[in-house]
Amino acid sequence: MIKDKANIAVFISGRGTNLKALILRSKKKSCNYKIAYVISNKKNAAGLKIAKKNKILTKIISQSFLKTEQKKLAKILVNKDIKFVCLAGFMKILSPYFLDFFKNKIINIHPSLLPKYKGLNTHYRALKAKERFSGCTIHYVSKKLDSGKIIEKRKVKIFKKDTVEKLEKRVLKEENKLYPLALERLIKS
Ligand code: GRF
């Protein structure tokens, strides 16, 4: 049993499968982190229901709050003793102030083998380019989109008959496995 589990804030905008995977893992006695806060920029994000079901504190932030109140947001997280911020399908850009404040403490999961296919529609682009592999990447969040230092990657094979939906499903399965493990390893290191 780990006594001092690191408090984690997860930022979401939607579905929340990665959030769910992070929560599930956090319930293990041997896990070194605890999801202490879930922040969403969408009030109807499905992930919020997952957080509430697991009795995790949630907060909805508006676009204007995100833009103008980054100091306030940083303060809220400090007060909750947040050690790492995990972006999990969070579709907004964080300010330079916030990124500097939590330097090397904000990580993201991206559905491609970075540095390939930054941005959106990664699966479509990987298929179109006839890649043999795709996958997912955990990386630090920096000021340039999907360009921060890479922490871990996991490869997924692309099959000839793959569609965007099929590939997305297989990559997501790996994302859900990788994120909790990578976070645990990061906290340990
Ligand atoms: C994932 O594919 C993640 O890599 C990307 O956004 C998606 C979020 O999915 N950044 P979920 O909300 O965690 O299910």
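In the predicted model, residues 24 or more positions apart account for 65% of those contacts in the chain that have a separation of 6 or more. Along its principal axes, the C-alpha trace spans about 50 × 40 × 30 Å.

Of the 189 residues, 47% count as buried, while the chain exposes about 10900 Å², of which carbon and sulfur atoms supply 55%.

Aromatic side chains were examined next. A search of the whole structure finds five aromatic pairs. One of them is formed by Phe 11 and Phe 98, whose rings are tilted, with 6.1 Å from centre to centre and 45° between the planes. This pair links distant parts of the chain, since Phe 11 lies in strand β1 (residues 6-12) and Phe 98 in helix α5 (residues 96-101), 87 residues apart. Phe 11 has a relative accessible area of 0%, which means that this residue is buried, and Phe 98 is likewise buried, with a relative accessible area of 0%. Both residues belong to one aromatic cluster, which is formed by Phe 11, Phe 90, Tyr 97, Phe 98, Phe 101 and Phe 102.

Conventions. Residues numbered from 1 in each chain as written. Predicted model: local features only at pLDDT ≥ 70, side-chain atom pairs only at ≥ 80, totals over all residues. Heavy atoms only, no water. Buried < 20%, exposed > 50% of the residue type's maximum accessible area, 1.4 Å probe, protein only. Contact = heavy atoms within 4.5 Å. Areas by Shrake-Rupley, 256 points an atom, 1.4 Å probe, with all protein chains shown as cover. Phe/Tyr/Trp six-rings, centres within 6.5 Å; stacked < 30°, edge-to-face > 60°. Helix = DSSP H or I, 4+ residues; strand = E, 2+ residues; numbered from the N terminus.
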